[in-house]
Amino acid sequence: MKSRTVPMIAVTFVSAAMLAGCAGGPPAQDGSALSDGKVVIGILNDQSGVYRDLSGPNSRVAVELAIADYEAKYGDEAVATDIEIITSDHQNKPDVANTQAQQMYDRRGADIILDVPTSSAALAVAEVAAAKKRLFIDVGAATMELTGAACNPYTFHWAYNTEMLAKGASGVVDNGGESWVIIYPDYAFGQGMNASFTASIEGAGGTVLESIATPFPNDNFSTFITRAAAQNPDVIGIMAAGGDLINFVKQYNQAGMQDQAALAVGLMFITDINSLGVEEFQGTTFTDAWYWDYDEQNREFADRFLQLTDARPTFAHAGNYSAAFQYLEAIQRAGTDDADAVIAELEGAKLEDLFLRNGEVRSDHSVVHDSYVARVKPAADVAEAWDYEEIISTIPAEEAFSPVNSACTM
Amino acid sequence: MTTSPSSAVRTFPLAPTPRSRWRVARLIMWPTIAFVALLVLPWVVYPPIAMDIAAWALFAMSIDLLLGFGGVLSFGHAAYWGSSAYLTGWVAVNTGVPFPVAILIGALGAMVLAVPIGMLSVRRSGIYFAMVTLAFGQMIYFIANQLSVITGGENGLQGVPKTFFGIEAVEKESFFFYYAAIPIVVLGALAAWRIVHSPFGRVLSGIRDNPERVRALGYDVERYKLIAFVLSAGLAGLAGGVYAVSHGFVSLQEVDWTTSGKVVLMTVLGGIGTLWGGPIGAAIIVLLEDYLASAGFEGIGIVTGLIFIVCVVLFRKGILGTILAFVDRARTGGRGMPRFGRADRLAAPDSVTATNTAHDEEGNHAPR
């Protein structure tokens, strides 16, 4: 009988091992050589959860466009002749992100990992990148830590961060929104956003009447909305993201607040507006890192993107395009895909593309660029699908991001 | 054998027979298989994944200790796995002690935490016990979220070192780290095995089957359940510590209720009350999640959910439980032994459940 049980267990384990699809064993001496004649770009993001729309599978499309543009630009002279994309789903869980990143570098030969929304997951991947000495360009996460205390030579933060999001608030103050009430979810992201926004508003001469902390996650915001309305502010700033943001905006409109105070949103992607409907958000101001209908160059990219995906790109998608394109450009300049050589090309570089306007890679590896104060159009003014935003003003790169983070020592 | 094929009455042979030899063989066989599998694992799967499997396996065993042998479902075990992970991480970051020491401190912390929670929880059983533990689990989650000075809140606790007496291979390479950390998991598993196969474990099984009778026999039921709860939390803590050091960071995910749910899923999938079923469930779930994450498939929850449904509908005893039952049936030719895996799924103390049947050879020892 024992002889019958043992094969069963063996079958279980072997089939499980086959599921894994990758062999184990002690570390190979070489891993995947960086100069293996192939550039492997890994995209690690949320393919199934709340951030699927704003990054997800469409980030891959953006990177494919970047590769196509790189190949069209250099043709036969391209250094990176064979470029492969691999993707993985981190499910917004940092521990999954951590093991997936290790596998991507070790077993699947990734030379770079892109995207990685969710701050905790991004920080987990940054640690892997430093240990494996391969590149990691984060696009989707907001945390200042990536270019602060947790910074390392192999990690770059491309598109935005919490302080940059707050800079838009000063634009709102300049446009007459002087007194604010801030409502923020009581966890690291919300607390950081509250601090950044308060500093930005006060710096521009506005006042914050009250900062109200809410539980996170939270479904019922009515008491907080009432409390905020009682202060009679010009602007109510909401720092929630994702599902909480959607809930808040619905309740805000149901309470008839739209006419009483302008709404400013801390972090919003165009996919949020699309999913809830432009009517719900109309008049809302927020900081945008990029908008698809800003000019001809953006529009052309957005048209190509639309053909492949039936959606307009979010700024995260454009950021992934830019990161992949500039990475390939750096390989072209360095003549190799060796991580340290590519980093040397990127550090301090002034970069221009459709996403990076006046872009520059700073010493803390934060990539700064022009960003925008946007307002959601009234529903009546929407001319076509995804035509949701009106750019009120441009924040120049040097003002959009706070100075080099002194907490970062590499 | 004296059993007549047509008789429904169970009778047991009095002298040692092939059955008891089989029982002893199996008693040794399972730990041996598990041990060999653990040693071979990082050669077959990617080492960090292998480490995950080992950690989750021990975590699942801690759940099974309570669920399979104590008869109570803890739905908040992430609290001990997670609090130990945080404590381990914090100690490793701030003191630089070798990681096994940090893990032991973490596990002790989890046990200390389990004492007050256990004292309040063990007064209830069934769904109420599950709900109370879930509530405490959520409390720990929110404390971890707010206590960002230590836990890093939403960002998590970064940079947990694998300090190990200056041996660089272990500190840098996950393959060698696996072999440095696996003794902790093995010790934890052996502890679970020993607990189950002790007089204490048999009283526990008695409490599972008939708490009133055990109480009537003079055992302090609450105290036994509390001790089991704390021991289980300690095992979960060991596993959580290993997991934290292996990943190099701790996040809120570790104290999230979904972590509690996942480990219960693993235990049920492997087979409740088999002790070694949990590790099989852990291996399947971890490998499946890892595979699906990189397969470009967009609904991991759908697959694990389906597996759970199939398991509950078709394999009520879980994978290992089904195998054991099958083996039992094949061995006895469909007669005798109505319960699967008797050797592992221990009988309660004799005086507790034995009524009109003859004693089996184990039943002569009263628990102390």
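Trainee: Which residues in α2(B) meet which residues in α12(B)?
Mentor: From α2(B) come B:Trp56, B:Phe59, B:Ala60, B:Ile63, B:Asp64 and B:Leu67, and they meet B:Val263, B:Val264, B:Met266, B:Thr267 and B:Gly270 of α12(B), where being in contact means that the C-beta atoms of two residues, placed from the backbone, lie within 7 Å. These contact residues divide into eight nonpolar, two polar and one charged; Ala, Val, Leu, Ile, Met, Phe, Trp, Tyr, Cys and Pro count as nonpolar, Asp, Glu, Lys and Arg as charged, and the others, Gly among them, as polar.
Before going on, please note that this is a predicted model, in which local features need pLDDT of at least 70 and side-chain atom pairs count only at pLDDT 80 or more, while totals for chains, interfaces and linings use all residues. Residues are numbered from 1 along each chain as its sequence is written, and chains are lettered from A and ligands numbered from 1 in the order in which they are written.

Trainee: Why are α2(B) and α12(B) called roughly perpendicular?
Mentor: The axes of α2(B), residues 47-67 of chain B, and α12(B) cross at roughly 75° and come within 9 Å. Angles of 65 to 115 degrees count as roughly perpendicular, under 35 as roughly parallel, over 145 as roughly antiparallel, and the rest as oblique, and therefore α2(B) and α12(B) are roughly perpendicular to each other. The axes are lines fitted to C-alpha atoms, for helices over the stretch in contact, and angles run from 0 to 180 degrees between N-to-C directions.

Trainee: What makes α12(B) and α15(B) roughly parallel?
Mentor: The axes of α12(B), residues 257-270, and α15(B), residues 318-332, cross at roughly 15° and come within 3 Å, so the two helices count as roughly parallel to each other. In this contact B:Val268, B:Leu269 and B:Gly270 of α12(B) meet B:Gly318, B:Ile319 and B:Leu320 of α15(B), a set that divides into four nonpolar, two polar and no charged residues.

Trainee: How do you know whether A:Ala240 is buried or exposed?
Mentor: A residue is buried if 20 or more other C-beta atoms, placed from the backbone, lie within 10 Å of its own, exposed if 12 or fewer do, and partly exposed in between. A:Ala240 has 25 such atoms within 10 Å and is therefore buried. Its place is the loop between β8 (235-238) and α8 (242-254) of chain A, and, leaving aside neighbours within four places in sequence, A:Ala240 is in contact with A:Pro185, A:Leu245 and A:Phe248.

Trainee: Why is B:Phe165 called exposed, and why is A:Asn358 called partly exposed?
Mentor: B:Phe165 has 10 other C-beta atoms within 10 Å and so counts as exposed, whereas A:Asn358, with 15 C-beta neighbours inside 10 Å, counts as partly exposed. Most residues other than glycine have a negative phi. Yet B:Phe165 has a positive phi of about 50°, and A:Asn358 has a positive phi of about 55°.

Trainee: What makes chain A as compact as a globular protein of its length?
Mentor: Chain A has 14 helices and 15 strands, which are DSSP runs (H or I, at least four residues, for helices; E, at least two, for strands) numbered from the N terminus. The radius of gyration of chain A is 23 Å, close to the 22 Å that the globule rule gives for 410 residues, so chain A is as compact as a globular protein of that length. The radius is taken over C-alpha atoms, and the rule is 2.2 Å times the number of residues to the power 0.38.
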